[in-house]
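Subject: Handover of a structure and what was found in it

Dear colleague,

I am passing on a structure that you have not worked with before. Please have a look at it first, and then read the notes that follow it.

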Amino acid sequence: MPDEYWFDAIADYLGSAYLRNAFTKGTEQEVDFLVDALRLAPGMRVLDVGCGPGRHSLSLARRGYEVVGVDHSAEFVRLAREVAAADGLSASFEELDVRDLERPGEFDATICLCQGGFGLLGGRDETAVFQRIAATLRPGGALAVSAFSAAFAVRHLEAGEEYDPATGVLHEIATIRNPDGTEAPFDLWTTCFTARELELLAATAELVDVEVHGATPGAYRRQPPTLDHHELLLLARRA
Ligand SMILES: C[S@@+](CC[C@H](N)C(=O)[O-])C[C@H]1O[C@@H](n2cnc3c(N)ncnc32)[C@H](O)[C@@H]1O
């Protein structure tokens, strides 16, 4: 089992090189889709949980939203703040363990994408964390949470990867490159979900209009999940 903050060492090593990952290149398409799907209007308050270096937060702030990003990684929060300050954006970033998230009813919309602070908990605490994330919404506020697909993980299990059916955690040793291009191996522990599990979680969190879609980074759209979608995207509204 990983310790609680296993991702911090990866974030420290990656730093700004995180944004070289191919999956970050589709940020603008993802934000275009979310603005429409969550029915966002400029000026709304948006929370980005597990925001990383802030790629979605900063894009939303550039479009006129009031954004708060929270993440446990001090390095990622520092990087996000740096860009927000340089570009004069209305976005603030805080170091926070999502297990301690406590901003009930404050936001018009909350996003938690690409495992941000929900799918990296080692198979522990997800129900309580999901409920905390949903509770940040005002009544009628909109939610988007993405999670790695258990069906994809098992169907496309690669050499060296291990999937634990008891916890839904996929373990792999990934080669990570720092900003200088130096490579180092790190353990990754990604918690995987089924569409049904996400629906059942939503049922514990006072959410309505729940939809779960199959998702591919940079190509978000409303579509039924298949065994070949890497991720699932839950959209919902607070009752
Ligand atoms: C794969 S990154 C995704 C970042 C961002 N949402 C994106 O789409 O680029 C996962 C993020 O979750 C954060 N994270 C992991 N565990 C966390 C925790 N317990 N509390 C808050 N953030 C956490 C990591 O620091 C990392 O920034």
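R39 is found in the loop between α2 (27-37) and β1 (45-49), where helices (H or I, at least four residues) and strands (E, at least two) are DSSP runs numbered from the N terminus. This is a predicted model, in which local features need pLDDT of at least 70 and side-chain atom pairs count only at pLDDT 80 or more, while totals for chains, interfaces and linings use all residues. Residues are numbered from 1 along each chain as its sequence is written, and side-chain values use heavy atoms, with hydrogens and water left out.

Although R39 is not a glycine, it has a positive phi of about 55°, and R39 is exposed, with a relative accessible area of 57%; here exposed means over 50%, buried under 20% and partly exposed in between, with a 1.4 Å probe and protein chains only. E206, which is not a glycine either, also has a positive phi of about 55°. E206 lies in the loop between α7 (195-203) and β9 (207-215) and is exposed, with a relative accessible area of 55%.

In α7 itself, L198, L201 and A202 are buried. They cover an arc of only 100° around the axis, which puts them on the same side of α7, the arc being that of the directions from the helix axis to the C-beta atoms. R196 and A203, on the other side of α7, are exposed. The buried residues of α7 pack against α5 (126-135), β5 (137-149), β8 (183-193), β9 and β10 (231-238), with contact meaning heavy atoms within 4.5 Å.

Turning to the aromatic rings, a search of the whole structure finds 9 aromatic pairs. Rings of Phe, Tyr and Trp (its six-membered ring) pair if their centres lie within 6.5 Å, and planes under 30 degrees apart count as stacked, over 60 as edge-to-face and the rest as tilted. The rings of Y18 and F23 have centres 5.6 Å apart and planes at 75°, so this pair is edge-to-face. The rings of F118 and F193, with centres 4.9 Å apart and planes at 15°, are stacked. F118 lies in the loop between β4 (107-112) and α5, and F193 in strand β8, so the pair ties together parts that are 75 residues apart in sequence. F118 is buried at 0% relative accessibility, and F193 is buried at 6%.
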